[in-house]
Amino acid sequence: MLNKLHSVELILFKRTFKEFLSQYLYSPLNVATAAPKQSTITPSIVESRKKSTRKTAVKLKACSDTPYYKAKNNFRIKEIQSGDSQSSLVISDTEHKVLSVPDIIDFNLKVLFVGINPGKRSAETGHHFAHHSNHFYPCLVESGATNNEIVTYKDDKTLIKRFKIGIINVVNRYTRSSADLSTTELRDGIPSLLQKVKFYKPKILCFIGKCAFDAFEYAIQSNGIKKKSKNFGLQSYQIFWNDDDYERKDDYTKVFVIPSTSARVKHYQKSDKLKYFKGLKELMDQ
């Protein structure tokens with residue numbers, strides 16, 4: 001009888017000791033089973049998310065099916081396989097060095113494109129409109145301005161010899177966003193721009209982005225009432241190469257404006273921008 005009591009006490013002691021240890025040691029005993037969280041998302045929200053995902057997939061597929069992106073992706077694959085891909089620079093927020101992209105300009109160009117200023121990706125690579133989402137090169141190719149030849153940002157320095165196309169910026173200073181530039185800084189870049197136009201004599205000066213054109217328009221207007229043009233496309237302004245040649249018909253540069261080719265601009269989709277590029281191509285052929 002005593003042996004049975006001792007054995008019962010020993011079992012109870014072991015159980016109590018295990019429960020005591022479970023407070024300090026990992027054990028399945030001290031891991032509470034969490035109740036599954038109930039989703040607060042209503043079926044309508046889930047359905048709308050599915051629809052938006054399907055729309056995005058359709059847009060991406062439609063974009064990837066264009067001749068430009070097919071050729072660009074094939075080029076990228078070959079580049080990776082051959083090991084020619086270059087690593088980008090690391091730009092610190094505290095870096096005080098001014099990073100800029102060189103002008104691509106020469107005499108008697110068909111069109112001289114004017115950007116606002118170099119972005120982060122352009123500063124890293126040293127090429128104009130270098131961000132992968134920028135619509136500049138796709139619209140340039142699809143408009144026929146490159147004779148249907150595929151070009152990317154890496155080909156920007158060859159545009160002069162191949163197609164008589166140049167690219168410059170109003171402000172050479174690199175910023176992460178054009179919104180980081182002040183209005184005064186943009187306007188201060190216009191006199192240098194006008195000197196280049198009068199010296200190199202391009203047929204068309206095409207502003208990429210309304211804020212760059214607004215700075216130009218403000219600078220060339222008189223000190224009276226300042227008016228802003230609301231329309232894109234061909235403008236009424238003419239930049240005469242010599243101040244005394246107003247009566248000569250062909251000694252001036254026409255001014256054209258296209259919406260910003262940055263993908264951040266939501267008001268104008270790629271198809272809208274392409275229409276203006278095609279209008280520019282028609283003007284180039286005249």
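User: Before we look at the sheet, what makes two strands count as paired?

Analyst: Two strands pair if DSSP finds at least two bridges between them, and the strands themselves are DSSP runs (E, at least two residues), while helices are runs of H or I with at least four residues, numbered from the N terminus. This is a predicted model, in which local features need pLDDT of at least 70 and side-chain atom pairs count only at pLDDT 80 or more, while totals for chains, interfaces and linings use all residues. Residues are numbered from 1 along each chain as its sequence is written, and side-chain values use heavy atoms, with hydrogens and water left out.

User: OK, in what order do the strands of the sheet come?

Analyst: The sheet is open and has five strands in the order β2-β1-β3-β5-β4, with mixed pairing. Its edge strands are β2 and β4 (233–240), each of which pairs on one side only.

User: And how many bridges join β1 to β2?

Analyst: Five bridges join these two strands, which run parallel; Leu112, for instance, has Gly166 in β2 as its bridge partner.

User: Which strands does α10 touch?

Analyst: Helix α10 packs on the sheet and touches β1, β2, β3, β4 and β5, with contact meaning heavy atoms within 4.5 Å. The direction of α10 makes about 165° with that of β5, where axes are lines fitted to C-alpha atoms, for helices over the stretch in contact, and angles run from 0 to 180 degrees between N-to-C directions.

User: Switching topic: which residues have the most contacts inside the largest nonpolar core?

Analyst: Those are Phe113, Phe136, Ile165 and Leu280, in a core of 26 residues. A nonpolar core here is a set of buried Ala, Val, Leu, Ile, Met, Phe, Trp, Tyr and Cys residues joined through side-chain atoms within 4.5 Å, and buried means under 20% relative accessible area, exposed over 50%, and partly exposed in between (1.4 Å probe, protein chains only). Apart from this core lies another, of 25 residues, among them Ile105, Ile190, Phe232 and Val255.

User: Is Val255 buried or exposed?

Analyst: Val255 is buried, because its relative accessible area is 0%, and it lies in strand β5 (residues 252–258). Leaving aside neighbours within four places in sequence, Val255 is in contact with residues including Leu205, Phe207, Phe213 and Tyr237.

User: How far apart are Val255 and Ile204 in space?

Analyst: They are 5.9 Å apart, C-alpha to C-alpha, and 51 residues apart in sequence.

User: Last one: where is Asn169 found?

Analyst: Asn169 is found in strand β2, and it counts as buried because its relative accessible area is 8%. Its contacts, leaving aside neighbours within four places in sequence, include Asp103, Asn117 and His128.
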